[in-house]
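Hello,

Here is the structure we talked about handing over. Have a look at it first, and then read on for what turned up.

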Amino acid sequence: MIDKINGLRAEIDGLTAKDMGEVEALRIKYLSKKGLVSALFADFRNVPAEDKKTVGAAINELKEFATAKINGMREALESSDGDDSGLDLTRTAPDVRLGTRHPLSLVREEIVDIFRRLGFTIAEGPEIEDDWHVFSSLNFALDHPARDMQDTFFIRRQPDVVLRTHTSSVQTRVMEKQQPPIRIICPGRVYRNEAISARAHCFFHQVEALYVDKNVSFADLRQTLLYFAREMFGPDTQIRLRPSYFPFTEPSAEMDISCDLCGGKGCSFCKGTGWVEILGCGMVDPNVLEACGIDSKEYSGFALGMGIERITNLKYRVKDLRMFSENDTRFLEEFKPAH
Ligand code: DAH
């Protein structure tokens, strides 16, 4: 009996079928009530009692094997391109959901475009940087708090390898390689060791601009800022420069724009002041020019840096920074172009 079962199993294993008709014929031959496998169950009566357990298990196993084999042949034929495939080729295709540009990309493009119209070209640098490009060349004192582990992600120490904390590092990268005139705009991602919340994130985006040439003055900086603010936020926008401090610029300033929510009257968004801060800027410190091999007696320059998230928040009132990196399509689809 066991030999018979094994023989039948080998036979079934070798079966092939060209179409559904053949598959059905094989099913009838082996698995129907009068089929060869079913016949084994009839013979089972004659098996001696002590063998019943093994033989019974073997027949059941053969039945499962035959069923799987025949179903497998049927499925193979169904998924091939034959007439029996069951596909309706005239059906309309399901909607393909189109993606949208990320709001930060849209705003980055807008910022870069404005500076492009003033003759600036894009420059990029690495996100994994060394101490020289992020701090030392930019006139940071050795004990400056930004060099602290609390603010900066260190990949290795001595020599220090860090994730850049600002795009100002690209200034150095370009000035080291190129003599003035230099007019660059540097968008990119930066990292800081901050706890993630609605108002802070451990990575965000900045745009840096640098202009170095003969006789570049603070008036050039101010005019560039005014042009940028009006292109970005509308022709009625006012700007205000407040004295500030950055190691790499002297003098340094922070720029506010008139609050476009209240038109400068004062509201909760601008905390009653009528102004909102949008960027840092200043005249490139002569030490920075010299560190990069540019003669500070012959050349001067201005630099400015802004956070793309900040500008995006001002334009679109996004209340929680985390939304920019959560990839929630309900949020992203709000920035779909309206056509
Ligand atoms: N690097 C500064 C920051 O990360 C931003 C900045 C301020 C860039 C003033 C500049 C500048 O080029 O002149 O906060």
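A charge sits over a ring if NZ of Lys or CZ of Arg is within 6 Å of the ring centre and within 35 degrees of the ring normal. By that rule, Arg 9 has its charged end over the ring of Phe 65, 4.2 Å from the centre. Lys 52 likewise lies over the face of Phe 44, at 5.4 Å from the ring centre.

Before you go further, please note that this is a predicted model, in which local features need pLDDT of at least 70 and side-chain atom pairs count only at pLDDT 80 or more, while totals for chains, interfaces and linings use all residues. Residues are numbered from 1 along each chain as its sequence is written, and side-chain values use heavy atoms, with hydrogens and water left out.

Next, the aromatic rings. There are 11 aromatic pairs in the structure (rings of Phe, Tyr and Trp, the last by its six-membered ring, with centres within 6.5 Å; planes under 30 degrees apart are stacked, over 60 edge-to-face, the rest tilted). Phe 120 and Tyr 211 make an edge-to-face pair, because their ring centres are 6.3 Å apart and their planes stand at 65°. Phe 120 is in the loop between helix H5 (103-117) and strand E1 (121-122) and Tyr 211 is in strand E6 (residues 203-213), so this pair ties together parts 91 residues apart in sequence. Helices (H or I, at least four residues) and strands (E, at least two) are DSSP runs, numbered from the N terminus. Phe 120 is buried at 4% relative accessible area, and Tyr 211 is buried at 16% (buried is under 20%, exposed over 50%, partly exposed in between, with a 1.4 Å probe and protein chains only).

Finally, the largest pocket holds about 1600 Å³ of space (on a 1 Å grid over the protein atoms alone, a pocket is an open set of points where a 1.4 Å probe fits, with protein on both sides within 12 Å along at least five of seven lines; lining residues have an atom within 4 Å of a point). Of its 49 lining residues, Arg 199, Phe 204, Glu 277, Gly 307 and Arg 310 are the closest to its centre. Strand E9 (275-284) gives the largest share of that lining, 8 residues.

Enjoy exploring!

Technical notes: Points joined across faces, edges and corners; volume = space filled by probe spheres on them.
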